[in-house]
Amino acid sequence: MIGLFNFMRNKRVFMLMIGFILFIAIIGFSLSDRKELTWPEKFLKDTSGFVQQWFYKPAGYIAGFFEDIRDFRMIYEENERLKSTVAAYARDKVEYNFIKKDNERYKELLGFSEQQKQMYDYNYLIAQVISISNDANNRTMTINLGSKHGIEKNMAVTTVDGLVGLVSSVTPFTAAITPITELNETSPTFNSISATIEGRENESFGILSSFNKETNRILMTRIGENDKMEIGDTVITSGLGGVYPRGLRIGTVETKQVGDFGLTYTASVKLATNFDHLAEVFVVQAASSEENAP
Amino acid sequence: MSMNRIVAIMLLLFFIEGSLMPWIIPEGYGSRIIPHFIFVFVLFSALYGNRHMALLLGAGFGLLQDVVYFGQLLGLNFFAMGIIGYFTGVLLERKRATVMMAITVIGFACILYDTALFFIYQVFRITSASYAWALLNHILPSLFLQLAFALVCYVPVRRMFESRKETGENGEEE
């Protein structure tokens, strides 16, 4: 009885222990494999997302305005470059139309099912980033589209430059993106990405397994021994594995060396995306998932 | 200064550090200089208010931050902000801290906070970087931002909390 009295008198230690147990319980709850967020979380996220977009967008416009002024000088050169690109594009477009028509005819002849035909029809939804987490170990971004607009968990997110990350949780009006820089083999939540090389999609293969924060490079493992991957090649997603759509640009190969066991090669990949001052991102909606949505 | 005003100002700061600061921080430093304005505010409340207010504000805004920026773990900021705020209050609320004193305490508390976050993430294997790298990469650079913020808002915030304390004490006497 006296012991209990002494214990209760030491209220601070007692409260600390209760707080600690609460902390462990909350962490355990959040680490469990949750399909959806709870409604208080959704409500808080939607409300704050609603306010945050008043801040992020105008700030982006103002910053963009100053960057535009800086870019004025380069406009002439850029215009020249774009003109030649457009000429090349027009040439390729004709070729593309022919090949597309041929391809459709072959699919018809080979008896492709409706699902197989639509497998690579992607729909790009434009979203605005509205806030970025202020935690160095968890750089979650929030965008202003949510489940009401057709966003689902595990959709890939890209910019014009390249892959940004994966939608990690959805609320009715916002969605959280886990950037590709959180990619980690030991992490329980993030999947590896199967990748290939632009221009040799059927010959090269590798798995992007983890992002090394210290060197700012992604590690690509399990590259075949006689793979012709070269330094400077562009790495894109291969679409194998089902989570990531195919053909999203990731970065360029920087180094290539023999892997741990000497049987495969590993390469380090420099990301194409710049994660600072992100304004617009594209959420990739696969056609098959669109059909499944009610 | 009423509690409502303080909470309103902190909410504004919360939105600023999530939505405005990414644009102000120069390109290339986005993942190196990271604002923790809410935490600095909690420390001010511990230094010039009292420890229970710091605990409440820290835990409340920590939880808000955890939920809004939920990535892998909930409850980290809830715990770290609350407890660091509370113990700062236990240590220093009886003394009237000077500017130098306040800035030093805020500096050390920020390092402690970032370190605590880093090690919790490391325990759960969400980050695999080494502490020495984290220290040089983001803990020390963002410390300067926090100190600058603390210096800029030192006078108004101190006045805000102290006026609240005085009116609170007068209220109790009456």
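Which residues do ring pairs link into a cluster? They are A:Phe55, B:Phe14, B:Phe15 and B:Tyr69.

1. **Before you start.** This is a predicted model, in which local features need pLDDT of at least 70 and side-chain atom pairs count only at pLDDT 80 or more, while totals for chains, interfaces and linings use all residues. Residues are numbered from 1 along each chain as its sequence is written, chains are lettered from A and ligands numbered from 1 in the order in which they are written, and side-chain values use heavy atoms, with hydrogens and water left out.

2. **A barrel in chain A.** Six strands of chain A form a closed barrel in the order β1-β2-β5-β4-β3-β12, with antiparallel pairing. Strands here are DSSP runs of E with at least two residues, helices are runs of H or I with at least four, and both are numbered from the N terminus. Two strands pair if DSSP finds at least two bridges between them. From one strand to the next, the twist averages 45°. Seven bridges hold the antiparallel pair of β1 (residues 122-132) and β12 (residues 280-286) of chain A, and A:Gln128 stands opposite A:Glu280 in β12(A). Helix α3 (residues 39-71) of chain A packs on this sheet, where it touches β1, β4 (163-170) and β5 (175-179) of chain A, and its direction makes about 85° with that of β1(A). Contact means heavy atoms within 4.5 Å; axes are lines fitted to C-alpha atoms, for helices over the stretch in contact, with angles from 0 to 180 degrees between N-to-C directions.

3. **Another barrel in chain A.** The strands β6-β7-β8-β11-β10-β9 of chain A, in that order, also close into a barrel with antiparallel pairing. Ignoring direction, neighbouring strands of this sheet are turned by 45° against each other on average. Strand β8 (residues 217-223) of chain A pairs with β11(A) over five bridges, and A:Ile218 faces A:Val269 in β11(A).

4. **Strand β6 of chain A.** Is this strand mostly covered or mostly open? Strand β6 (residues 193-197) is mostly covered, with five of its five residues buried. Buried means under 20% relative accessible area, exposed over 50%, and partly exposed in between (1.4 Å probe, protein chains only). On one side of β6(A) lie A:Ile193, A:Ala195 and A:Ile197, on the other A:Ser194 and A:Thr196, and all are buried. Three bridges join β6(A) to the antiparallel strand β7 (residues 206-212) of chain A, with A:Ser194 opposite A:Ile207. Three bridges also pair β6(A) with β9 (residues 234-237) of chain A, again in the antiparallel sense; there, A:Ile197 has A:Val235 as its bridge partner.

5. **Two residues to look up.** A:Ser209 lies in strand β7 of chain A and is buried, at 2% relative accessibility. Beyond its neighbours within four places in sequence, A:Ser209 has contacts that include A:Leu183, A:Ser192 and A:Thr221. A:Leu263, by contrast, sits in the loop between β10 (249-258) and β11 (265-271) of chain A, and at 62% relative accessibility A:Leu263 is exposed. A:Leu263 and A:Arg222 are 41 residues apart in sequence, with their C-alpha atoms 8.7 Å apart in space.

6. **Aromatic rings.** Over all chains, the structure has 19 aromatic pairs. Rings of Phe, Tyr and Trp (its six-membered ring) pair if their centres lie within 6.5 Å; planes under 30 degrees apart count as stacked, over 60 as edge-to-face and the rest as tilted. B:Phe44 and B:Tyr154 form a tilted pair, 6.0 Å centre to centre with 55° between the planes. B:Phe44 lies in helix α2 (residues 37-48) and B:Tyr154 in helix α7 (residues 154-173) of chain B, so the pair ties together parts 110 residues apart in sequence. B:Phe44 is buried, at 0% relative accessible area, and B:Tyr154 is buried too, at 6%.

7. **Where the chains meet.** The contact takes 52 residues from chain B and 50 residues from chain A. Chain B and chain A bury about 4,700 Å² between them, 63% of it on carbon and sulfur atoms. Buried area is the accessible area (1.4 Å probe) that two parts lose on being put together, summed over both. B:Trp23, B:Tyr69 and B:Gln72 supply 18% of the area that chain B buries against chain A, more than any other three residues.
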